[in-house]
Amino acid sequence: MDFTSGGRILQALRKEKGMTQEQLAECTGLTSNTISRIERGQLLPSVPTLCDLCNALQTNSDTILAAYIHADSQIRWSPLAEKLQQLSPEKQDKIEKILACIIETI
């Protein structure tokens with residue numbers, strides 16, 4: 001099984017947060033070498049480790065796990081939902097109206 005795609009997502013999330021591997025390791029109780037191995041796809045994180053990584057990166061598990069799961073499944077809306085939650089209620093309403101118009105025209 002190829003674990004590199006999950007590692008790339010983890011690395012992108014870490015960099016997006018402006019964290020080094022050492023800082024993420026410190027937050028999770030792991031070593032920077034372990035973080036590096038996970039990011040390079042050489043090591044699949046255990047469930048407890050995945051939870052620690054998600055908490056440290058302030059993300060949900062779907063964001064990382066989606067890269068490891070290759071079965072057909074429903075669209076994952078978590079990243080979009082997270083972005084929408086950061087918007088004001090007025091902007092959320094506008095986006096909802098825009099999406100309703102798009103759906104009607106499809």
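**Figure 1. Gln58 sits in the loop between α4 and α5 (61–65).** This is a predicted model. Phi of Gln58 is near 55 degrees. That is a positive value in a residue other than glycine. Most residues other than glycine have a negative phi. Is Gln58 buried or exposed? Gln58 is exposed, with a relative accessible area of 64%; the cut-off for exposed is over 50%. Gln58 is also one of the residues that line the largest pocket.

**Figure 2. The largest pocket has a volume of about 280 Å³.** Rolling a probe the size of a water molecule over the atoms shows where empty space is left. Which helices each supply at least two residues of the lining? They are α1 (4–16) and α6 (78–85). The largest share, 3 residues, comes from α6. The lining includes Leu13, Glu16 and Lys17. Leu57, Gln58, Thr59 and Thr63 line the pocket too. Also among the lining residues are Pro79, Glu82, Lys83 and Gln86. By class, the lining has 3 nonpolar, 4 polar and 4 charged residues.

**Figure 3. Helix α2 (residues 21–28) has a buried side.** Leu24, Ala25 and Thr28 are the buried residues here. Why do they lie on the same side of α2? They cover an arc of only 100 degrees around the axis, which puts them there. An α-helix has 3.6 residues a turn, so residues three or four places apart point the same way. What covers the buried residues of α2? The cover includes α1, α3 (32–39) and α4 (47–57). The face turned away from the buried side carries Glu26 and Cys27, both exposed. Just after α2 comes Gly29, with a positive phi of about 80 degrees.

**Figure 4. Ile95 lies in helix α7 (residues 89–105).** Its relative accessibility is 28%, so Ile95 counts as partly exposed. Which residues does Ile95 touch, not counting residues up to four places away in sequence? They are Leu84 and Leu87. Thr4 is 91 residues from Ile95 along the chain. The C-alpha atoms of Ile95 and Thr4 are separated by 34 Å.

Figure 5. The mean pLDDT of the chain is 87. Of its residues, 91% reach 70 or more.

How values were computed. Residues numbered from 1 in each chain as written. Predicted model: local features only at pLDDT ≥ 70, side-chain atom pairs only at ≥ 80, totals over all residues. Heavy atoms only, no water. 1 Å grid on protein atoms, 1.4 Å probe; cavity = no way out; pocket = protein on both sides within 12 Å on 5 of 7 lines; lining within 4 Å. Points joined across faces, edges and corners; volume = space filled by probe spheres on them. Helix = DSSP H or I, 4+ residues; strand = E, 2+ residues; numbered from the N terminus. Nonpolar A, V, L, I, M, F, W, Y, C, P; charged D, E, K, R; others polar. Buried < 20%, exposed > 50% of the residue type's maximum accessible area, 1.4 Å probe, protein only. Arc of directions from axis to C-beta. Contact = heavy atoms within 4.5 Å. pLDDT = per-residue confidence, 0-100.
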